[in-house]
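Take a moment to look over the sequence and the fold shown below. Then let us walk through them together, one part at a time.

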Amino acid sequence: NGDIGDVMKPVEWTGAGLIIFKFSYFFIVVILLLNVILGIVLDTFAELRQNNIQTVHALNNFCFICSIDRQTFDRYGEGFEKHIKSDHNLWQYVYFLVRILYSRHETE
C-alpha cells in the first residue's frame, strides 16, 4: 500500500519496558494531574473561605446602610448595636423595598 504503517514495526512491550511504560503513565496522568486538579480545588475553597471571612467582618464592623465603622459609633455615638438595630435596621429597608416593588405592580 505504501503507507507509513508498512515501514514501521510494531512495538512489543514486554518485561521491564512494559512495567516502565505503565508506571510512567500512572505517574504522569494519575498522580501529577490529579494533584494539580486537587490543588486548584483547594485553592478555590481557600479563596471562598477568605471571602466569607471578609464578608462576616464587614457585616460585624460596618453599618450596611451608611458604611460607617463600629469604632466611630462607639466613640462618638450611642453605640454600633443601637445604630444597626434602631437607626438603620436592615429589615426595615428590606420591607421598604418590597413595599415599593409591590406598589409598582399594583399601580400598573
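Is Glu81 buried, partly exposed or exposed? Glu81 is partly exposed, because its relative accessibility is 39%; buried means under 20% relative accessible area, exposed over 50%, and partly exposed in between, with a 1.4 Å probe and protein chains only. Before going on, note that this is a predicted model, where local features need pLDDT of at least 70 and side-chain atom pairs count only at pLDDT 80 or more, while totals for chains, interfaces and linings use all residues. Residues are numbered from 1 along each chain as its sequence is written, and side-chain values use heavy atoms, with hydrogens and water left out.

Now find the partner of Glu81. The structure holds three salt bridges, a salt bridge being a side-chain nitrogen of Lys or Arg within 4 Å of a carboxyl oxygen of Asp or Glu. In one of them, Glu81 pairs with Arg70, with 3.3 Å between the closest N and O atoms. This pair links distant parts of the chain, 11 residues apart: Arg70 belongs to helix H3 (residues 70-76) and Glu81 to helix H4. Helices here are DSSP runs (H or I, at least four residues), numbered from the N terminus. Arg70 is partly exposed as well, at 22%.

Next, look at Lys82. Its side chain meets that of Glu78 at 3.0 Å, N to O, and it also forms a salt bridge with Asp87, at 3.9 Å. Glu78 is exposed at 64%, whereas Lys82 is partly exposed at 37% and Asp87 is partly exposed at 45%.

What about the cysteines? There are zero disulfides in the structure, a disulfide being a pair of cysteine sulfur atoms within 2.5 Å. For Cys63, the nearest cysteine sulfur is that of Cys66, 3.5 Å away. Cys63 is buried, at 3%, while Cys66 is partly exposed, at 29%.

Cys63 also leads us to the largest pocket, as one of its lining residues. Leu59, Phe62 and His88 are among the others. A pocket is an open set of points on a 1 Å grid over the protein atoms alone, where a 1.4 Å probe fits, with protein on both sides within 12 Å along at least five of seven lines; lining residues have an atom within 4 Å of a point. The largest pocket holds about 170 Å³ of space. Helix H4 (residues 80-87) gives the largest share of its lining, three residues.

How values were computed
Points joined across faces, edges and corners; volume = space filled by probe spheres on them. Helix = DSSP H or I, 4+ residues; strand = E, 2+ residues; numbered from the N terminus.
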